[in-house]
Amino acid sequence: MSQCFAFRFEHRESRPALLISCTTTVVPDQIIKTIKADVENNLLPSAVYVLSTDSQRNTLLNLLNDTSLMSEFDSFVGDPAQKFIPIFFNPSGEFFFCRDESPVSLTLKNNILQAGMLRIFKTRQGLISSSPNFHFLKPSNDHCNAFIRASNLLVAGEEVAFLAISLLPLLEPQPNRIYVDTSSISYLVCKAVLMSGRYGGRVPLIESYESYTAVNQSFDFVEAPESLVLISATTSGGLASKILNGTTFPNSQVVTLFYSKLIGDQIGIYDVKDAIPAEVSSAKPEDCADCARGSRLIKIVGDQFLPETPTNAQLIIKKTDFTGKRAKFFEDFAAKGLLQWRKASDIRADSKEHFYVDVGLYLQAPTEEFSGEFEKAIKKYFSRDVGKVIALDDPGSTALMESLKSIVSNNENITWSRMADLVGDSLNDAASVVVVAGAITSGRKLLDASRRLRCIAKSSSILYLVGFSKVPSMDILDQLRKDLQLGGHTLIILRECPLPRIVAQIKTAWDAEEFHLSKFAGDQLSGETVELPAALTERVVALTGEAEGSNDLFLKTTSGDTLKLRNTFAFWSGLNIDNQQATQADVYWTIQSILHDLRAKPDENGLASIYHSTVISPACFDRYNDGVIQACLLRAATPTELNYSIDNDFSQKMTDVLISVIENHENDQGEAALEFLMALWIDRLQITKDHLRNVTCKFKSSQMPEDIRFLLDQIELKLQ
């Protein structure tokens, strides 16, 4: 292990100087070895400074009388009388020249300390950065794409001793309580305490307040002049501000070690902003751009420990990923016009449902199995004292209520109504109630209904009857069930198909497509002078007109044909489904359900890994080469699941797929060419810039349809 810490720093002359820090022992052989290694890799230093403690001053002076050392120094650097400069620091952290004990200027001292700290920060990777596929949740609850991890910097003894010099002035008042936000910096504090020589062999109390836990749970600081509060690192100054505002400590007793930004007159020791890239950012959760594009969130906890370095993997989607339960559902519902896209559940709805199931149409000809389960559930759970049956305010709920009416039609004491028809105190002390929902996505409307029904008689019960659930996960559904069944009530769900919940605030591939195309359409207020090809003009008109047709999901082929399934679809093989009757929406529902299930799998067979980036393997686009299936993958996957730029090999494989598809745009193998190019343009699909440049250059001089040429030109502009 090296007994020295060496680095270059800006000096008064044009060339940097070299500083060698030897706080433990001063060994001539080690010093000359360090100088030789530095000179072999760099230009000659303007001077060489050797730094140690005041107790080593005489040892430093003896170096000047070491004939062998001075001779070697002269041969490597130059005249030692001018260029060999021993200096020392005292317990207060002040620097002095050994030869005459005159003080080192504050400018020179600060240059040395700053340069050495930055060398350690960069070498030891003090900044932990995210990848495009994940970002961090800080203890402050802000989201960031990088954070300072102080513990990374405290791994080498001489480096820690060098950093400890800057803490010595803080110890002059001899604080007897030192609070640290993470125990990982206790080593640095102890080192500074020992170097100060102010405690006579004892160590002050060093206690961790666990970062933001102190302000969130009222940590019991001893707010006295003898206390010192240290913060390991910050990029915002937020924790120091909260501690200062929540205690009586003055600024001088709340000190941040590593910082890139402070607030007001806060005190910091090591300014690392020169080592922080400009793109490092921090934002409130609601303003987080990384969350908006689907980046996963990694929580920073405890001592800011990340279990392992993130790695990258590819996932091949297999037929077995389409579970038996999913197969049963799609056999009942697919290719019958039931599964639709981007459709409002009711004309009064303020937004459209991304995944819409036509419950009314299904109930016109339900399967025998469904009808049997429906009737059995009613016989088992429909209370004899039901006085009201209330349907939610949409056609599907009304249709399910009508089906229910046909089963219990002999009961003339029941009032049948919709939720919107209820007035005033009509529910006060009411008998048992049945609430009917054709389909639910989150259960919010059922929870609203439960609040309105709190006034019914205490002895009455509520049956929540749901025909179809799209609630994303069992955890969410279990919580909904607990909330609704509180008080002895019952929730019955006849059919389930968990799907991602896509609300208005989530920007889908269609939103991005419309945004990009709209710049070139209409009255050209955007300033764009390029004319949009006819096919893409037609597309933007459909999007801005809020297209909702079950075959309007995707761009057409370059010959103007609608993408559709061929004779076989691997995930439906063996099922009683007529592929020829399938719509794009049917296929999209299928692919979304598969990806949704894969996102719930945390192992190597799924997409749910937190610390690793897993992308959909480019081989999937060869395996499932129907254009409509490829388009579904491109639209259903998140940008992180299609971000092949994270690995050069992944990117090359995806580039090969892209080139093959574009080359074959006139036949079946390339029927989704426009979908692939659109995904590249709107950043749903990403490859490295070099590979993207290869794609655009390959077809630069080729004769291509105007819509392909337009998209290639727009992609090329991104590279400028």
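How much volume does the largest cavity have? I looked that up first, and got about 60 Å³.

**Ground rules.** I'm working with a predicted model, where local features need pLDDT of at least 70 and side-chain atom pairs count only at pLDDT 80 or more, while totals for chains, interfaces and linings use all residues. Residues are numbered from 1 along each chain as its sequence is written, and side-chain values use heavy atoms, with hydrogens and water left out.

**Cavities.** Rolling a probe the size of a water molecule over the atoms shows where empty space is left. On a 1 Å grid over the protein atoms alone, a cavity is a set of points where a 1.4 Å probe fits but cannot get out; a pocket is an open set with protein on both sides within 12 Å along at least five of seven lines; lining residues have an atom within 4 Å of a point. Points are joined across faces, edges and corners, and a volume is the space filled by probe spheres set on them. I searched the whole structure and found five cavities of 30 Å³ or more. The lining of the largest cavity includes F333, Y362, F468 and R495. Helix 12 (359-364) and strand 23 (462-469) each give two or more residues to that lining. Helices (H or I, at least four residues) and strands (E, at least two) are DSSP runs, numbered from the N terminus.

**Second largest pocket.** Its space comes to about 1,200 Å³. Of its 45 lining residues, S351, K352, E353, H354 and I502 sit closest to the centre. Which strand gives the most to this lining? I found strand 19, with five residues.

Next I checked an open sheet of five strands, ordered 1-2-3-4-5 with mixed pairing. Two strands pair if DSSP finds at least two bridges between them. Strand 1 (5-9) and strand 5 (95-97) are the edges, each pairing on one side only. From one strand to the next, the twist averages 25 degrees. Strands 1 and 2 (residues 17-21) run antiparallel, joined by five bridges. In that pair, F5 stands opposite S21.

**Helices on the sheet.** Helix 2 (residues 57-64) packs on the sheet, touching strand 3 (48-53) and strand 4 (84-89), and makes about 175 degrees with the direction of strand 4. Contact means heavy atoms within 4.5 Å; axes are lines fitted to C-alpha atoms, for helices over the stretch in contact, with angles from 0 to 180 degrees between N-to-C directions. Helix 5 (residues 106-123) also packs there, touching strands 1, 2, 3, 4 and 5.
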